[in-house]
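This report describes selected features of one protein model. The sequence and structure are shown first, and the discussion follows.

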Amino acid sequence: MATSTFDTLLQKIETRAARAGIIGLGYVGLPLAMAVARSGFAVTGFDIDPGKMVALDARRSYIDAVSDEALSAEIDAGRFKATTDFAGLDECDVIIICVPTPLTKHRDPDLSFVEATSRSIAAHLRPGQLVVLESTTYPGTTDDVVKVILEGTGLKSGSDFFVGFSPEREDPGNQHYHTATIPKVVAGDGPEALALMKAFYGAAVSSVVPVSSNATAEAVKLTENIFRSVNIALVNELKTVYAAMGIDVWEVIDAAKTKPFGYMPFYPGPGLGGHCIPIDPFYLTWKSREYELPTRFIELAGEINSAMPRHVVGKLAEALDIRAGKALSRSKVLVLGLAYKKNVADIRESPSLRLIEIIEERGGRADYHDPFVAEIPPTREYQALKGRKSVALTPDTIAGYDAVLVATDHDRVDYATLAKNASLIIDTRNVFNRLGLAAEHVIKA
């Protein structure tokens with residue numbers, strides 16, 4: 001029975017007769033759906049957000065990595081459709097889970113989206129399906145959570161259905177790599193599941209990297225993000241130490257990166273943003289407690305990076321006091337850039353939201369300008385900021401603020417106009433120095 005089920009599904013994948021169902025059409029799911037559809041598979045996208053269905057029905061993409069034209073092409077070819085009705089999972093041969101894995105207020109993993117999605121799949125599970133988790137999580141989730149929920153139906157992994165894990169590697173705004181050209185790490189619950197994973201993803205992306213177990217693949221993703229978190233924390237800490245010594249950390253990094261071996265440049269900033277780096281390392285720290293093992297590096301990095309927004313606001317308050325003779329509590333501040341990184345509209349976990357919150361906690365008034373984010377959407381942690389709109393960046397507007405705080409260095413900003421009209425600029429990205437606009441009233445933080 002196992003061989004027959006496996007062979008049938010493998011043949012469907014190899015001949016592109018399999019239909020893929022992708023649950024969660026966000027920054028990971030929608031680009032993946034397009035890549036899979038372009039490779040010749042029929043794809044059904046599932047999401048609980050009716051607003052996304054309205055956009056997709058209008059052939060309008062809400063993700064920068066997917067153009068309206070690319071979306072329309074796959075719809076016209078009959079290879080992509082989207083729905084909020086999970087009953088359509090019945091007809092899917094490969095089901096991929098791309099849902100959020102946030103943290104609780106106590107920095108514990110919140111697997112509620114993964115668990116709810118797994119239960120929805122279980123309600124429609126049938127023999128001959130491959131179920132894949134792509135959401136970043138701690139080692140063991142695929143086998144101990146997803147697989148267990150699915151086997152609650154009475155069907156068995158490895159004989160009736162198959163389970164695998166493949167970590168997402170999306171990088172919003174990256175013009176050099178996209179879903180189909182980024183190597184894909186794949187794993188499965190047993191050799192047959194792994195063979196199906198290799199066949200399916202191998203058809204959609206340029207190369208696959210098989211590993212020995214789902215837990216190993218889950219650890220790969222965490223390792224990638226922990227690497228960045230720890231190194232960013234290091235340069236954030238060096239920034240504060242070197243500043244006390246009168247040394248410019250950006251000059252140090254620019255000189256250090258000329259070494260052709262043994263060094264990789266990382267840059268300081270106002271804090272960490274995005275779904276991955278501020279959140280994912282804590283999935284491992286939580287899991288490590290089960291083994292009574294400390295994760296000092298990871299937790300220290302998290303503490304340093306989490307402290308950066310308050311450090312930056314402290315530098316802002318100090319500069320206002322010394323250079324303008326004005327308290328932050330009586331000041332009006334323009335935060336430049338709401339997105340967590342340049343040239344994208346992604347505000348997930350953006351430190352800019354925390355900067356605005358801290359400024360206003362201290363009695364100041366904070367507005368923002370972002371050419372990619374016209375209005376602050378609903379967020380889990382910053383409900384009070386919902387609906388605020390980006391202000392226009394004109395000479396008169398700029399001059400009306402006591403300080404401009406550069407949090408995100410979008411290219412689509414007239415920095416020369418900012419330098420000319422702002423009375424005080426706090427630059428957390430070294431953008432003015434890079435553009436040759438360094439001046440007495442531009443303070444690095």
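Predicted model: local features only at pLDDT ≥ 70, side-chain atom pairs only at ≥ 80, totals over all residues.

Beyond its neighbours within four places in sequence, Ile426 is in contact with Leu316, Ala319, Val404, Leu405, Val406, Ile443 and Ala445. A separation of 8.4 Å is found between the C-alpha atoms of Ile426 and Val312, which are 114 residues apart along the chain.

## The annotated C-terminal span

An unreviewed UniProt entry assigns residues 334-434 to the feature "domain: UDP-glucose/GDP-mannose dehydrogenase C-terminal".

## The eight-stranded sheet

Eight strands form an open sheet with mixed pairing, in the order β3-β2-β1-β4-β5-β6-β7-β8. Strands β3 (80-83) and β8 (208-210) are at the edges; each has a single partner strand, so one side of each lacks a neighbour in the sheet. On average, neighbouring strands of this sheet are turned by 25° against each other, direction ignored.

Within the sheet, β6 (residues 162-165) and β7 (residues 184-188) pair in the antiparallel sense over two bridges. Phe165 stands opposite Ala187 in β7.

## Helix α7

Helix α7 lies across β1, β4, β5, β6, β7 and β8, and runs at about 155° to β7. Its 14 residues (191-204) should span 20 Å at 1.5 Å a residue, which agrees with the 20 Å between its end C-alpha atoms.

The buried residues of α7 are Ala193, Leu194, Leu196, Met197, Phe200, Tyr201 and Ala204. Because these residues cover an arc of only 160° around the axis, they lie on the same side of α7.

How values were computed:
Residues numbered from 1 in each chain as written. Heavy atoms only, no water. Helix = DSSP H or I, 4+ residues; strand = E, 2+ residues; numbered from the N terminus. Expected span 1.5 Å × (residues − 1). Buried < 20%, exposed > 50% of the residue type's maximum accessible area, 1.4 Å probe, protein only. Arc of directions from axis to C-beta. UniProt positions renumbered as here; feature names shortened; annotations may be inferred. Contact = heavy atoms within 4.5 Å. Pairing = 2+ DSSP bridges. Axes fitted to C-alpha atoms, helices over the stretch in contact; angles between N-to-C directions.
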